[in-house]
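Subject: Structure handover

Hello,

Here is the structure for you to look at. My notes on what turned up follow below it.

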Amino acid sequence: MHTLSVSALNDQIKYLLEESFSRVLVEGELSRITFHNSGHIYFTLKDRDSAVSCVMFRGNASKLKFRLEEGMKVLVDGALTLYKPRGSYQINCFRIEPSGQGALALAYEQLKEKLASQGYFNPDTKKQIPKFPSRIALITSATGAALQDMLRVANARYRLLEIDIYDVLVQGESAATSIVHAIKTADAKEYDLIVIARGGGSIEDLWAFNEERVADALFNAQTPTVSAVGHEIDWLISDFVADLRAPTPSAAMEMILPDTNELYMTLDSLNEQLKNYFAQNIERKVQKLQHLQQSYSQHSVERKLQLKKEEIASLKNSFSSTMEFFLQRIDAEVTNLESQLPQAIAAKVNVAQNQLLHLQKMLESNHPKFKSKKGFAQISKNSRVVDIASLDIGDVFEAQSDSVVIRAKVQDKRKI
């Protein structure tokens with residue numbers, strides 16, 4: 001048997017392997033993904049039982065529309081190759097598609113989620129769209145039907161507008177670069193508005209407006225931006241990032257430009273309002289002047305003196321009437337008192353006499369000499385009149401008639 005060197009063996013295996021598996025289509029799950037500085041992507045493709053190393057070189061990696069993520073299930077189109085220094089084989093990936101989902105749809109959702117988390121869609125960061133723009137930059141294809149539609153609407157609505165057209169690629173690999181360059185150039189020229197526009201098409205045709213580079217340029221622009229791409233049902237990343245989203249290119253011009261006919265009508269209305277305002281204002285001034293004239297005549301020196309004279313005369317009359325009424329009331333009260341005085345004195349004397357008689361009667365009724373009867377005397381103890389039944393044996397008491405007081409002591413007590 002012929003002896004081979006390791007290198008020779010690997011050369012033969014490399015030849016056989018790469019000839020036999022010049023194109024393979026393999027489905028599996030992504031694992032251990034490494035994005036190298038060189039632009040190459042290294043990862044492992046695995047299923048439940050096995051794994052194989054993979055590489056996607058920079059040229060093919062730059063064409064990926066979505067970002068590879070750990071655990072993502074993908075379909076890899078490539079060729080087997082042997083890395084001779086280590087004697088290990090790997091799949092050289094030409095193209096990668098997500099399993100069960102389109103690459104563009106996945107890339108769209110990934111970028112949308114990323115930009116939303118970075119605040120690109122925040123309404124608070126949106127710039128105000130001017131009501132009466134005078135200069136706008138229109139970024140679109142100079143040969144597209146969308147441009148003609150926009151110019152037609154602009155000419156019909158607002159002829160005072162200055163429009164600068166930036167001819168760009170609106171589809172294809174170089175479209176995003178062309179659009180970004182136009183946005184940055186226009187942003188440096190201080191336009192009132194920047195409009196990016198394109199007619200309808202497939203998701204592949206519109207993809208340039210889903211590129212992250214275009215989103216960055218729109219977000220970083222100092223000039224207010226409008227995204228008018230595709231039809232009303234098409235929602236692009238540029239629609240979310242721009243300060244205003246228009247459903248179609250022609251609708252964008254209707255949204256950002258005032259209607260000249262409406263302006264004329266508004267001017268007519270304002271003119272009428274102005275006339276009414278001045279007429280009403282003049283009428284108010286005339287009324288105010290008349291009021292001032294009346295006020296002046298009412299507040300003049302002569303008028304004030306006349307008012308003071310009238311006020312003094314009124315006070316005099318009021319004082320005279322008050323004094324006369326007061327004197328009449330005093331006179332009536334004196335007359336009344338004179339007539340009532342004898343009666344009051346007699347009543348007072350009568351009451352005093354009655355009280356004196358009453359007191360005399362009480363005195364007589366309480367004096368011992370008026371109370372005494374033969375064989376009876378008033379019993380008192382300690383100078384207080386008491387009932388004889390209340391006395392006990394040994395008590396000292398006094399028995400008093402109208403002429404005699406006897407001091408005695410209870411020797412015996414019995415009931416009868």
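A salt bridge here is a side-chain nitrogen of Lys or Arg within 4 Å of a carboxyl oxygen of Asp or Glu. By that rule the whole structure holds 15 salt bridges.

Some ground rules. This is a predicted model, in which local features need pLDDT of at least 70, side-chain atom pairs count only at pLDDT 80 or more, and totals for chains, interfaces and linings use all residues. Residues are numbered from 1 along each chain as its sequence is written, and side-chain values use heavy atoms, with hydrogens and water left out. Helices (H or I, at least four residues) and strands (E, at least two) are DSSP runs, numbered from the N terminus. Buried means under 20% relative accessible area, exposed over 50%, and partly exposed in between (1.4 Å probe, protein chains only).

Salt bridges

Glu162 and Arg135 pair at 3.6 Å, N to O. This pair links distant parts of the chain: Glu162 is in strand S7, Arg135 in strand S6, 27 residues apart. Glu162 is partly exposed at 39%. Arg135 is partly exposed too, at 25%.

Lys413 bridges to Asp392, with the closest N and O atoms 3.6 Å apart. Lys413 sits in the segment after strand S14 (405-409) and Asp392 in the loop between strands S12 (384-385) and S13 (396-400), so the pair ties together parts 21 residues apart in sequence.

Arg23, Asp77, Arg95 and Glu97 form a salt-bridge network.

Helix H4

The 13 residues of H4 should span 18 Å at 1.5 Å a residue, and the end C-alpha atoms are 19 Å apart, which agrees. The expected span is 1.5 Å times one less than the number of residues. Buried in H4 are Ala146, Leu147, Met150, Val153, Ala154 and Arg157. They cover an arc of only 135° around the axis, which puts them on the same side of H4. That arc is taken from the directions from the helix axis to the C-beta atoms. The face turned away from the buried side carries exposed Ala145, Arg152 and Ala156. Arg152 also forms a salt bridge with Asp149, at 3.8 Å between the closest N and O atoms. Both lie in H4, three residues apart, about one turn of the helix.

Helix H8

H8 covers residues 249-256, and its buried residues are Pro249, Ala251, Ala252, Met253 and Ile256. Their cover includes helix H4 and strands S6, S7, S8, S9 and S10.

Contact means heavy atoms within 4.5 Å. Ser31 lies in strand S1 (residues 24-35) and is buried at 9%. Not counting residues up to four places away in sequence, Ser31 touches Phe43, Thr44, Lys46 and Glu70. Ser99 lies in the loop between strand S5 (88-98) and helix H3 (103-117). At 24%, Ser99 is partly exposed. The C-alpha atoms of Ser99 and Leu75 are 5.8 Å apart, across 24 residues of chain.

Backbone points to check

Most residues other than glycine have a negative phi. Arg32, in strand S1, has a positive phi near 55°. Glu190, in the loop between helix H5 (175-187) and S8, has a positive phi near 60°. Arg32 is exposed at 65%, and Glu190 is exposed at 68%.

Regards
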